[in-house]
Amino acid sequence: MPLQLNLLHEEISQERQRKRDPLKLSMYVAVALAGLLALNYLWSAYRTLTIKAHLSSIERDWSKVEPQVTAAQKRAEQLNAIITTTKTLDQFIDNRFFWAPMLEKISRCVTPNLQIINLEGLIDEQGKAITISLEGTAAGREPRAVAEDFRQMLLEQVGKEQPAVKVEFRTLEDLDTLVSVGGNNVPAAHFTVSVTLNTGSKPPAPGPADRKSKSKKEEES
Amino acid sequence: MNKEQTKKIILGTFGVIGLLYVYFAFFLGPLNKSRYSMAARMGELQNKLTSSKAEIANVAKLEASARAATVRYETLLTQYPEGAPIAWFPPRIRTFFSSQQIDRSSARLEGTAGFTEKELSSWNKYTWIIDLPQADFGTFGRALAALENSEPLLSVNRLRIHAATEDPEFQQVSLTALTIIGKK
């Protein structure tokens, strides 16, 4: 077997050692890692820039819409206030007590042998109860019966629309003097009738237009 | 691996850890933070835009549905003239009753009060005493009906009619009326 002498053995082993140098290898790994990180950074930066551009466009849109929204919110507040106020005022208008139809009913009950000398009507603070006091003189053979007929008629007339009405005598006294009715002297009685209404139990009020036409008809009749 | 190389590897590992720290703490971290905050702001604005568009559409609808209320409000507000009510209400009542064939009438202010309700903060209550010293019952009834119909914001709270002793054909009437008048 021939003897082989590798004179470069030392050099080759040094070369091999240089190639396997862990520091060099770790440098390669570090460079590769740095490259990956740089790529990741660039990708993240690209995504950030895209979002930034999108955000700018949305901000531009918002700056256009914002004044409109503020104005719309103000207008909505204004409109809601108007609606609430109108509703409250309409409630006041609808809950009013109309005296003219009541006076008409009273006038229908007054017969020629009866005279009302004083009428006083009052609505309480809450506007729920109405009290009407009627003071007058009834004349006839039976003056108390005339006064009672008046009370009954009043109860019937007012009770048509106000079922919870109360019509009561406060006073009913015979007078000493005679009264002339149709040329005949007849006895008379002095009376005070109280009418109490509770508006809380009344049916829903008609609309203003209906009320107007109704009153006009009443006026004509 | 000799001692020198191990030392270099350990140092290299520290170097890599340092590099990673710097990368995440000073580069990627702030970038991501800014991206997340922008994304959150974008979402917020997007929601605002969507809700605003809906709100604008709702206001347009409200405007359409509130048209009747707005017209009614304007009508009620223009029911009475501008200026202090004490200046124009008594002459107005006198003119009204004159047109109803009741020549003698007078109105005087009894009191003024504001409303406690928030929605009526721009309106005031005025209480008036209206005296009609010489009125025929029938004529007065018709006049009262006309007054109640023509003045929707007027409510008669007290009414007194009594026979005039000197002239039995006429009655003396006294009304306490409450009016709601807008502050102008």
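Which residue is the bridge partner of Y126(B) in strand 4 of chain B? Hold that thought while we set the ground rules. What you have here is a predicted model, where local features need pLDDT of at least 70, side-chain atom pairs count only at pLDDT 80 or more, and totals for chains, interfaces and linings use all residues. Residues are numbered from 1 along each chain as its sequence is written, while chains are lettered from A and ligands numbered from 1 in the order in which they are written.

Back to the opening: the partner is T179(B). Strand 2 (residues 123–135) and strand 4 (residues 171–182) of chain B run antiparallel and are joined by 11 bridges. Strands here are DSSP E runs of at least two residues and helices are H or I runs of at least four, both numbered from the N terminus; two strands pair if DSSP finds at least two bridges between them. Strand 2 of chain B also pairs with strand 1 (residues 106–114) of chain B, again antiparallel, over 8 bridges. There, Y126(B) in strand 2 stands opposite T112(B).

Now zoom out on chain B. Its domain assignment (bounds of this kind come from an automatic or database assignment) gives domain 1 as 1–65 and domain 2 as 82–182. Taken over C-alpha atoms, the centres of these two domains are 74 Å apart.

Next, the two chains together. Counting a contact when C-beta atoms, placed from the backbone, lie within 7 Å, 57 residues of chain B touch 58 residues of chain A. On the chain B side, helix 1 (3–65), helix 2 (67–77), helix 4 (137–150) and strand 3 (154–163) each supply at least two residues. Helix 1 of chain B gives the largest share, 28 residues. Strand 3 of chain B also runs antiparallel to strand 1 (residues 114–123) of chain A, with 5 bridges joining them. In that pairing, G121(A) stands opposite L159(B).

Last stop: a helix pair in chain A. Two packed helices are described by the angle between their axes and the distance between the axes. For helix 3 (residues 99–109) and helix 4 (residues 143–159) of chain A, the axes come within 9 Å and cross at roughly 145 degrees. Such axes are lines fitted to C-alpha atoms, for helices over the stretch in contact, with angles running from 0 to 180 degrees between N-to-C directions. Helix 3 of chain A brings K105(A), I106(A), R108(A) and C109(A) to the contact, and helix 4 of chain A brings F150(A), M153(A), L154(A), Q157(A) and V158(A).

Conventions: Two residues are in contact if their C-beta atoms, placed from the backbone, lie within 7 Å.
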